[in-house]
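Reader: I would like to learn how to read a few features in this structure. Where do we begin?

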Amino acid sequence: SDHMENIYGYLMKYTNLVTGWQYRFFVLNNEAGLLEYFVNEQSRHLKPRGTLQLAGAVISPSDEDSHTFTVNAASGEQYKLRATDAKERQHWVSRLQICTQHHTEAIGKNNPPLKSRSFSLASQGSANSPGVQRRPSQNAVSFFNVGHHRLPTGKRVPIMQPDHLVDVREMMSQAEGQQRDLIRSIECLPASGHLTSLDQDLLMLKATSMATMNCLNDCFHILQLQHASQQKGSLPAGTTISWLEPKISLANHFKNGAAQNFPAEINKPASVREEQSIAEPCQLTREPEEINPDEELEDICDDKEDDLGAVEEQRSVILHLLSQLKLGMDLTRVVLPTFILEKRSLLEMYADFMSHPDLFIAITNGTTPEERMIRFVEYYLTSFHEGRKGAIAKKPYNPIIGETFHCSWRMPKSEVATDAGSNFSAHSPSEQVILSKDLEGQTELDYYTVRFVAEQVSHHPPVSGFYAECVERKMCVNAHVWTKSKFLGMSIGVTMVGEGLLSLLEHGEEYTFSLPCAYARSILTVPWVELGGKVNINCAKTGYSASINFHTKPFYGGKLHRVTGEVKQNTTNTVVCRVQGEWNSVLEFTYSNGEPKYVDLTKLSVTRKRVRPLEKQGPFESRRLWQHVTESLRDGDIDKATEHKRALEERQRNEERLRAETETPWCTKYFLKEGDGWVYHKPLWKTVSAQTQQTDAN
């Protein structure tokens, strides 16, 4: 591969305050996993002036400018480098990251035996003794023993002695004790004065020290596996080396580095006691409930999430949380701080993706298979903008198992496109609100109704099912989504695993689709949302498909929120429509005849959903279930919101424990398990099929 070829060239290297920046000739040795530098190109045949082992290293573009980046080796040594321009920096950073990843993965995959001298630190006593003071650049090589050097034939690597591991464990125990003393000393500092427990540098020290100890524990675990493989000849079948779970419980929320003390049960508000005393869900009626649309009223809630104050004020909490996370760690079981939450459930967020019901209904009005596929792509790409509440990246509530959300939309028939030239409503958002209010006096024949229901069908893994239908137009969509979130350093990534199915019963067509990944970027400063990944939409009957790419922003240049895609006929491999633009701004659709169409999502009409009042909702409907958390967040009372949220989560854990002890399976209410997916219990395609059979029989 071209990416694994050696590269070389001049870079500026920062030496110290006196010398400053100096030009040096660098060589990336991909085979050995080394970054070497020389005084100049002519001295390449001589011994390098410096060498960094890249296994376990971190390559970081700098925020200072577009030219600088750093290479942080596992040994602790760091190179601060500067390229001539942003493009050259990107070239070096990309190649270094590929090489680093390759050699870091080799540690876990191959588990090369470690030589006894790797543990000279443990056997030679104090770290201050001369024998221990080795060159930093040698540490990674001797510790990881990564490389492609072959041992002479016939020679065996000496088996690591058990006392080495005992010595390492003892030293790590001492380090853990010193780290605990450090944390305790920081937390005992006064809350005000010259040096406080909230000092940003001290908080960063706490986070870094805790992350370091977790990393050392992981390394020690790898050493134990290597020792076991040497004793038995190979690792046991099925053994894998992976990141461990955090050594410190994340069950509690933290404020300023200390665990919150919640009031005793007797002092809890009545609403909290009510949240904890709701009966076991399976003991409630699990029969599907038919929602009366006449009980639903137009939603008046407008909770925009533009408040950054809480994030700025609670940065110490974020630092404390980050100190307990690792790269690639699954965040499914991690309880996140309350102040980063949106004022809605994840189930309601899925409903907000349907905020353009006119575009949804217009799909089935397409006169040809090609037009219907293009209309679906247009609707799909316009759904994500309204699904986000504001520019700040906040997280919706994790739905409680058994939680449901119901709503509907009423859409004037006159506002739904019937021909290819009128796909988008010409009304502004303000005019659209007036139209929706005027619907109250219209007869049933004047508008279409789109019904929506969502249910949290599983807690571990967290899986949501949602279903929407328009009976008048004989169309429905069914989907299930498993949200997998991971910690990525300064970002959090969420993968939406699952599949959706749109059924157009008038045409006998089914469209399968998936959802893009979502990323919360810059979580320590101003968090923002980015979508990424490739999405495919397919219709097997018509042979039309669409491929959509959500592009994440590169290190240099490029636009935010960029999306590109194309619709094509698979049989002839003919592209019939191309799309480009930003999923939260302006999209440009170009059809096969060369005619373009621009859609400004910020001016696109939004139809308010209709929801039952809280007093008519069931105890496990989203808004009633989370009402006290939402009210506290609106009032800015983070402590009270945390208390209510904790009560709900504690009740869910108790119920889950009880079901496990009694071996009682969870009973879903609206969705049934079919294969790997979840399907609504009474989908429109079954109802229409039954009606057709009855008509034929008569």
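Author: A salt bridge is a side-chain nitrogen of Lys or Arg within 4 Å of a carboxyl oxygen of Asp or Glu. This is a predicted model, in which local features need pLDDT of at least 70 and side-chain atom pairs count only at pLDDT 80 or more, while totals for chains, interfaces and linings use all residues. Residues are numbered from 1 along each chain as its sequence is written, and side-chain values use heavy atoms, with hydrogens and water left out.

Reader: How many salt bridges does the structure hold?

Author: The structure holds 22 salt bridges. In one of them E348 and R623 bring their closest N and O atoms to 2.5 Å. Helices (H or I, at least four residues) and strands (E, at least two) are DSSP runs, numbered from the N terminus. E348 is in helix α9 (residues 346–352) and R623 in helix α13, so this pair links distant parts of the chain, 275 residues apart.

Reader: Are E348 and R623 buried or exposed?

Author: Buried means under 20% relative accessible area, exposed over 50%, and partly exposed in between (1.4 Å probe, protein chains only). Both E348 and R623 are buried. Salt bridges with shared partners join them to D299, E342, R344, D352 and K609 in one network.

Reader: Which residue forms a salt bridge with E290?

Author: K682 does, with the closest N and O atoms 2.9 Å apart. E290 lies in the loop between α6 (270–277) and β10 (297–298), and K682 in the loop between β28 (677–680) and α16 (684–697), so parts 392 residues apart in sequence are tied together. E290 counts as exposed at 52% relative accessibility, and K682 is partly exposed at 39%.

Reader: What is the nearest side chain of opposite charge to E403?

Author: Lys and Arg count as positive and Asp and Glu as negative; His and the chain ends are not counted. For E403 the nearest side chain of opposite charge is R651, 7.9 Å away, and E403 is buried yet has no salt bridge. E403 lies in the loop between β12 (395–397) and β13 (404–412).

Reader: Which side chain makes a polar contact of 3.0 Å with that of E403?

Author: A polar contact is a pair of N or O atoms within 3.5 Å; within protein, one must be able to donate a hydrogen and the other to accept it, and residues adjacent in sequence count only if both atoms are side-chain atoms. The side chain of W626 makes the one of 3.0 Å, and the side chain of S345 makes another with E403, at 2.7 Å.

Reader: How should I read an aromatic pair?

Author: A pair of aromatic rings is described by the distance of the centres and the angle of the planes. Rings of Phe, Tyr and Trp (its six-membered ring) pair if their centres lie within 6.5 Å; planes under 30 degrees apart count as stacked, over 60 as edge-to-face and the rest as tilted. By this rule the count comes to 21 aromatic pairs. F26 and Y79 have ring centres 6.3 Å apart and planes at 70°, so the pair is edge-to-face. F26 sits in strand β2 (residues 21–29) and Y79 in strand β7 (residues 78–82). F26 is buried at 0% relative accessible area, and Y79 is buried at 3%.
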